[in-house]
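Please consult the sequence and the structure shown here while reading.

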Amino acid sequence: MLKSLFSAAAIVLTFALFYPYVRSIILGETLPHVLSWVLWGIGTFTVFFAQLADGAGIGAWPIGLSALITSYVAVLSWMKRSDLSITPLDWGCLVAALLAIPLWLLTSNPLWAVLILTVIDLLGFGPTVRKAYSKPHEERIWFFSLGALRNALAVAALEHYSPTTVVFPAAVGIACVALASFIALRRRVLNPA
């Protein structure tokens with residue numbers, strides 16, 4: 001019962017954090033880096049299926065919902081012509097994300113896919129960090145802060161704890177805290193009032 005409550009809270013929080021973020025993209029207030037969101041969408045979907053394969057149960061559902069919405073943000077970012085600056089490192093991360101799926105199928109071990117995709121997901125923060133360095137007001141601190149909380153709830157909701165089920169949401173939660181802090185710091189540096 002408690003796992004179901006944690007999962008439901010994480011799902012509600014997923015909608016609560018993405019709705020205003022998506023709305024701000026539509027209004028042109030937020031200009032996310034398109035390739036970050038493509039990487040996050042591919043990685044999150046793959047991790048969702050790996051978690052299911054490893055018995056995560058209801059705790060995987062917030063990750064699955066996040067994968068759907070993240071993919072929508074990627075499409076919306078492309079349609080709105082948000083930040084489309086893509087470096088060779090960005091392309092390398094995309095190729096690695098796409099290669100993680102066949103690696104999982106070849107090894108029959110979802111942990112390898114999760115570890116690779118966790119690293120790639122964390123690298124996916126790179127273009128957003130690069131952009132937030134010069135344009136910190138184009139990203140939303142609250143979004144990444146709530147993302148950290150949502151990932152903590154997703155971990156609490158897991159029905160089976162293993163590296164395959166825990167590594168991804170824990171690492172992404174920590175990265176969200178770091179990115180929110182970085183955006184706040186850059187805003188202070190650029191607007192010291």
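## Packing of α1 against α3

Helix α1 (residues 2–26) packs against helix α3 (residues 61–79) at an angle of about 5°, and their axes lie 9 Å apart. Because angles under 35 degrees count as roughly parallel, over 145 as roughly antiparallel, 65 to 115 as roughly perpendicular and the rest as oblique, α1 is roughly parallel to α3. The axes are lines fitted to C-alpha atoms, for helices over the stretch in contact, and angles run from 0 to 180 degrees between N-to-C directions. Helices (H or I, at least four residues) and strands (E, at least two) are DSSP runs, numbered from the N terminus.

On the α1 side, the residues that meet α3 include F15, F18, Y21 and V22; among their counterparts in α3 are W61, L65, I69 and V73. Contact means heavy atoms within 4.5 Å.

## Basis of the model

This is a predicted model, in which local features need pLDDT of at least 70 and side-chain atom pairs count only at pLDDT 80 or more, while totals for chains, interfaces and linings use all residues. Residues are numbered from 1 along each chain as its sequence is written, and side-chain values use heavy atoms, with hydrogens and water left out.

## Helix α1

With 25 residues, α1 reaches 36 Å from its first C-alpha to its last, close to the 36 Å expected at 1.5 Å a residue. The expected span is 1.5 Å times one less than the number of residues in the helix. Just after α1, G28 takes a positive phi of about 80°.

The buried residues of α1 include A10, L13, T14, L17, F18 and Y21. Buried means under 20% relative accessible area, exposed over 50%, and partly exposed in between (1.4 Å probe, protein chains only). These buried residues of α1 pack against α2, α3 and α6.

## The nonpolar core

The largest nonpolar core contains 46 residues, and those with the most contacts inside it are F18, W37, L39, V73, F125, F143 and F144. Such a core is a set of buried Ala, Val, Leu, Ile, Met, Phe, Trp, Tyr and Cys residues joined through side-chain atoms within 4.5 Å. Two or more residues come from each of α1, α2 (34–53), α3, α4 (88–107), α5 (110–134), α6 (141–157) and α7 (163–190). Not counting residues up to four places away in sequence, F144 touches F125, T128, E139, C176, L179, A180 and I183.

## Helix α6

Helix α6 has 17 residues and reaches 25 Å from first to last C-alpha, close to the 24 Å expected at 1.5 Å a residue. Its buried residues, including F143, F144, R150 and N151, pack against α1, α2, α3, α5 and α7.

N151 counts as buried because its relative accessibility is 2%; leaving aside neighbours within four places in sequence, N151 is in contact with I63, P169, V172 and G173. I141 counts as partly exposed, at 23% relative accessibility, and with the corresponding neighbours within four places left aside, I141 is in contact with A180, I183, A184 and R187. I141 and V177 are 36 residues apart in sequence and 9.2 Å apart in space, C-alpha to C-alpha.

## R188 in helix α7

R188 is found in helix α7 and counts as exposed, at 64% relative accessibility. The C-alpha atoms of R188 and A171, 17 residues apart along the chain, are separated by 26 Å.
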